[in-house]
Amino acid sequence: MKVLVSGITERCENVFKSMSSIQWMNIDKVGEESSYCHILHTILVECIPKIRDALPPSYFNNFCTKLSTDLLQRYHDIIVRQKRISEMGCQQLLLDTYNIKTLLLYLHNLSTSTTNSTTTTNNNTISSSQIQIYSRIINTRTSHIEMILKLVTLPNELLVERFLNMWSDGTPADLQMIMTLKGIKKQEQFIYLEALGTNKNITINPTTNSISNSISSNVSDAMSGAVSGAVAAAFTTQASLSLASSTFTSTARSAVGNLKWVSNSNNNV
C-alpha cells in the first residue's frame, strides 16, 4: 500500500513544482483552473483505474484515503509556506481547491473514458458507509484549506474577529501564519496578537514576541511561592535547631560546672 501511494505521489511531483513556481503574490486576476490541476487530473485518470482493478475493494478504499490525504497535506503545506498571497491569488487557489476536491471525491470511480471521467462501474463493490467516511475526510481537509484562504482575503480590521469565529481552536501561531500570508509586517502583527490574547486569555510578550498561556503563568507563580515558602520554612527550622543547640550547650556547661563544684566540696570535707 505504501509503495503504491508513494509511487503516485512521486509522479505528482511535477504538480507541486508547478504550483510552487507560481508567484501567488502577483496574481491580479482569476482565470480557469491552474495548469497544475490539469496535470494532477491526467496522472490520476491514468493510474487509478489500473490500481482499482488490481486491488480488493477494501484495500482500494484505504489506498484512496491515504493518497488523497497525502496529496491534500502537500497542497496545504505549499500554501502556508508562501511569503505572501494576493487577494486574487487566494481567489484562484479557492477555485483550484474546489476542482481538486471534486476530483478526489470521485477518485474511486475515475475512468480513462474521454467522454466522462467518472463512472459508477465500481460503486457497488465499496460500501456506502466507506464512501461517506472518505467523503467526510476530503471535505474536512479541503474546508480547512478554504478557511485559511478566506481569512487571508479579509480586511485587517476584521481579521481577529473572524479568526475567532472561523478557527475556534486556532493558536497565535496560526494567526501569525495568516498575517504573514496577508503581508502584514512583523512589527504590526503584535497589535492583532494582543487582541487575540485579550479574547483567549493569552499573554503576549512584546519584546520577544513570545506567547504564553496565563494559566501556565499562574501555575509558575504558585510553584515559585511554594518553593519560597519551603525555603523560608527550612531557614526557620534551621534557626530553631541552632537555638535549641545553643540552649542545650549552655545547660550542659552549667551542669558540668555544678558537678565540679560538688566534687571540690567533697574533697574539702
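Select I78 first: once its neighbours within four places in sequence are left aside, I78 is in contact with F16, M19 and S20, where contact means heavy atoms within 4.5 Å. What is displayed is a predicted model, in which local features need pLDDT of at least 70 and side-chain atom pairs count only at pLDDT 80 or more, whereas totals for chains, interfaces and linings use all residues. Residues are numbered from 1 along each chain as its sequence is written, and side-chain values use heavy atoms, with hydrogens and water left out.

I78 sits in helix α4, helices (H or I, at least four residues) and strands (E, at least two) being DSSP runs numbered from the N terminus. With a relative accessible area of 10%, I78 is buried; here buried means under 20% relative accessible area, exposed over 50%, and partly exposed in between, for a 1.4 Å probe and protein chains only.

**Zoom out to the whole chain.** Colouring by secondary structure shows 10 helices and two strands, which follow one another along the sequence as α-α-α-α-α-α-α-α-α-β-β-α. Of the 269 residues of the protein, 33% count as buried. Among the contacts in the protein with a separation of 6 or more, 71% are made by residues 24 or more positions apart.

**Y75, also in α4.** Next select Y75, which lies in helix α4 and counts as buried at 3% relative accessibility. Its C-alpha atom is separated by 8.6 Å from that of M19, a residue 56 positions away along the chain. Apart from neighbours within four places in sequence, Y75 is in contact with F16, M19, Y36, L93, D96, T97, I100 and I145.

**Helices α2 and α3.** Display helix α2 (residues 13–21) together with helix α3 (residues 35–54): their axes come within 9 Å and cross at roughly 175°, the axes being lines fitted to C-alpha atoms over the stretch in contact, and the angles running from 0 to 180 degrees between N-to-C directions. α2 and α3 are therefore roughly antiparallel to each other, a label given to angles over 145 degrees, while those under 35 count as roughly parallel, 65 to 115 as roughly perpendicular and the rest as oblique. To see the residues that meet, show V15, S18 and M19 in α2 with S35, Y36, I39, L40 and I43 in α3. By class, this contact has six nonpolar, two polar and no charged residues; Ala, Val, Leu, Ile, Met, Phe, Trp, Tyr, Cys and Pro count as nonpolar, Asp, Glu, Lys and Arg as charged, and the others, Gly among them, as polar.

**Along α3.** Helix α3 has 20 residues and reaches 30 Å from its first C-alpha to its last, close to the 28 Å expected at 1.5 Å a residue, the expected span being 1.5 Å times one less than the number of residues. At I48, shortly before the proline P49, α3 has a kink of about 25°, the bend at a residue being the angle between axes fitted to the seven residues ending there and the seven starting there. The buried residues of α3 are Y36, C37, L40, I43, L44, V45, C47, I48, P49, I51 and R52, and what covers them includes α1 (2–11), α2, α4 (57–80) and α5 (87–105).

**Past the end of α3.** Move on to P56 in the loop between α3 and α4, which counts as partly exposed at 40% relative accessibility.

Now select I100, whose place is in helix α5 and which is buried, with a relative accessible area of 7%. Not counting residues up to four places away in sequence, I100 touches Y36, C37, L40, L72 and Y75. From I100 to I138, 38 residues apart in sequence, the C-alpha distance is 10.0 Å.

The last stop is T142, found in helix α6 (residues 128–152) and buried, with a relative accessible area of 0%. With residues up to four places away in sequence not counted, T142 touches L72, T97 and K101.
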